[in-house]
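Work through the following exercises with the sequence and the model side by side, and try each task before reading its solution.

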Amino acid sequence: MSSSSRELGTGPLSLLALSVARHALLALCLVLALLPALVATFLLGSEVGNVGWVVMAQIPVVPALSAGLFAVRAWRRNDDAGVWREFWRGYRLNLRDTLRWWVPTLVAGSMLALAIAFADSVPGGPLIRPVAAAIAVVLLLWSGQALLISSFFAFRTRDVARIAAAMLFQQWRVTLVLVSLTVVAAAVMVIGSEVLLALLAWAFVSLLEVVARPLVEQVTAQFTQQPEA
């Protein structure tokens, strides 16, 4: 029995209280890590001319989500794992690996956002807008796969890109969940705000850790060296 379980007991109410406390602390960690993106987005405002900069302001998002995934997996594997400690440990360990693919992705995303926003002012705009939107959706889903892979594995950037592209199709159930979460996130921002989405990020991260398990198993089997018996 873990020390956390001994302190709170092993009954259903005790386990529920422990889960609520962990997710509350996870929510706090995520909001703190996402705060720079929230502040930058607020300062840039909703002017169309700033859309490229708004996209680039999301640089802190993936490192924060990656740290959240790292922390959730840590405490679900070991009851003694502290949420605060594991979150910032995951942030430190995954920061460089996530930014190596996330920053170029945002550069591409900002260009696509500008193409969508200003399509009417260039020749061929009616064709450019849907094409750019379709590419942006694929890029976003690929980013979701890359997030899961770079959160749980230490691959080279080009390997993360290659494996994430393959998992889009091989782990299509995970891709469908990513589509669903993207729709929900967009609805939260339209109905509420970016701040509300940040406050609910813990729920997205907790669900993603569960959904990602088949992907993690497949990537482990296919792309990591197994110890000899």
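A nonpolar core is a set of buried Ala, Val, Leu, Ile, Met, Phe, Trp, Tyr and Cys residues joined through side-chain atoms within 4.5 Å, where buried means under 20% relative accessible area, exposed over 50%, and partly exposed in between (1.4 Å probe, protein chains only). The model is predicted, with local features needing pLDDT of at least 70 and side-chain atom pairs counting only at pLDDT 80 or more, while totals for chains, interfaces and linings use all residues. Residues are numbered from 1 along each chain as its sequence is written, and side-chain values use heavy atoms, leaving out hydrogens and water.

**Exercise 1.** Find which residues of the largest nonpolar core touch the most other members.

*Solution.* The largest nonpolar core has 53 residues, and those touching the most other members are Leu26, Phe87, Trp101 and Ile149. Helix α4 (residues 61-77) supplies the largest share of this core, eight residues; helices (H or I, at least four residues) and strands (E, at least two) are DSSP runs, numbered from the N terminus. Next, take Phe87 and set aside residues up to four places away in sequence: Phe87 then touches Leu26, Cys29, Leu30, Ala33, Ala64, Ala67, Gly68 and Ala71, a contact being heavy atoms within 4.5 Å.

**Exercise 2.** Decide whether Asn94 is buried or exposed, and list its contacts beyond its neighbours in sequence.

*Solution.* Begin by placing Asn94 in helix α5 (residues 83-117). Asn94 has a relative accessible area of 8%, and therefore counts as buried. Leaving aside neighbours within four places in sequence, Asn94 is in contact with Ser66, Phe70, Ser150 and Ser151.

**Exercise 3.** Explain why the buried residues of helix α11 lie on the same side of α11.

*Solution.* First identify the buried residues of α11 (residues 213-223), which are Leu215, Val216, Gln218 and Val219. They lie on the same side of α11 because they cover an arc of only 165° around the axis, the arc being that of the directions from the helix axis to the C-beta atoms. Then turn to the face pointing away from this buried side, where the exposed residues Glu217 and Ala221 are found. Finally, look for the cover over the buried residues of α11, which includes α6 (125-152), α7 (157-170) and α8 (172-191).

**Exercise 4.** Determine how Val195 and Leu196 are placed and how accessible they are.

*Solution.* Val195 is in helix α9, and Leu196 is found in helix α9 as well. Val195 is partly exposed because its relative accessible area is 48%, and Leu196, at 35%, also counts as partly exposed.
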